[in-house]
Amino acid sequence: MSVRFIALSRLPTRHGQFTIHAFEDIDTGKEHVALSMGDLADGQPALIRVHSECLTGDGFGSLRCDCGPQLNAAMEKVAGEGRGVILYLRQEGRGIGLVNKIRAYALQDQGADTVEANEQLGFAPDLREYTMCRDMLRHLGVSQVRLMTNNPLKVAALEAHGISVVERVPLMTGRNPHNEGYLDTKQEKMGHMLDEQTPGE
């Protein structure tokens, strides 16, 4: 067990009413949450999004990334189906933290791309890990998932932790003139699949 369940409550949102579940990482003390909707214990694959915290995008509406639009689109899709989960993980800046992410932004302002900026700061391009997802989903009664992501490495990471990903659902949203270079770098250097269309669009 990598996380322990702490508490849950109702969470009314503009996308509908979710239940928010709080978890604590046993080793690091980091707090993660899951937003759930509908009956998840019926044995059917659940539509899920594994979303790493992005204060600048999720909270401040930054146009430097596509995180905020992706989170909102994922919540909207779960609400549209009436069933699913958003795992919100405290892994700011692909795992380097908020302050280091802003340092990386400063390097990007000077011409580095998102991968080069992390490497210039001494970090790998992506330090996130997904061990906690297995236990969070197990607590919610989810054994199979339809994963909303453009990142095939995330699919592989979840499967490596014993999570059965039966479908990858593209989540194409949030491209703008301020993040085109960032998205192109994710596609060219990190393998993100950004040339698809989201079903129904």
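Helix α3 runs over residues 98–109, and its twelve residues reach 17 Å from first C-alpha to last, close to the 16 Å expected at 1.5 Å a residue. Bear in mind as you look around that this is a predicted model.

**Helix α3 and its surroundings**
- On the buried side of α3 you will find N100, K101, A104, Y105, L107 and Q108.
- Seen down the helix axis, these buried residues fall within an arc of 160°, so they line one face of α3.
- An α-helix has 3.6 residues a turn, so residues three or four places apart point the same way.
- V99 and D109 are exposed, and they sit on the face of α3 turned away from its buried side.
- The cover over the buried residues of α3 includes α1 (55–59) and α4 (114–120).
- After α3 comes G111, which has a positive phi, near 120°.

- R4 pairs with E24, with 2.6 Å between the closest N and O atoms.
- R83 is buried at 14% relative accessible area, whereas D42 is partly exposed at 38%.

**A further pair and a network**
- D135 and R134 form a salt bridge whose closest N and O atoms are 3.3 Å apart.
- Shared partners join E81, R146 and E167 into one salt-bridge network.

Key: Residues numbered from 1 in each chain as written. Predicted model: local features only at pLDDT ≥ 70, side-chain atom pairs only at ≥ 80, totals over all residues. Heavy atoms only, no water. Helix = DSSP H or I, 4+ residues; strand = E, 2+ residues; numbered from the N terminus. Expected span 1.5 Å × (residues − 1). Buried < 20%, exposed > 50% of the residue type's maximum accessible area, 1.4 Å probe, protein only. Arc of directions from axis to C-beta. Contact = heavy atoms within 4.5 Å. Salt bridge = Lys/Arg side-chain N within 4 Å of Asp/Glu carboxyl O.
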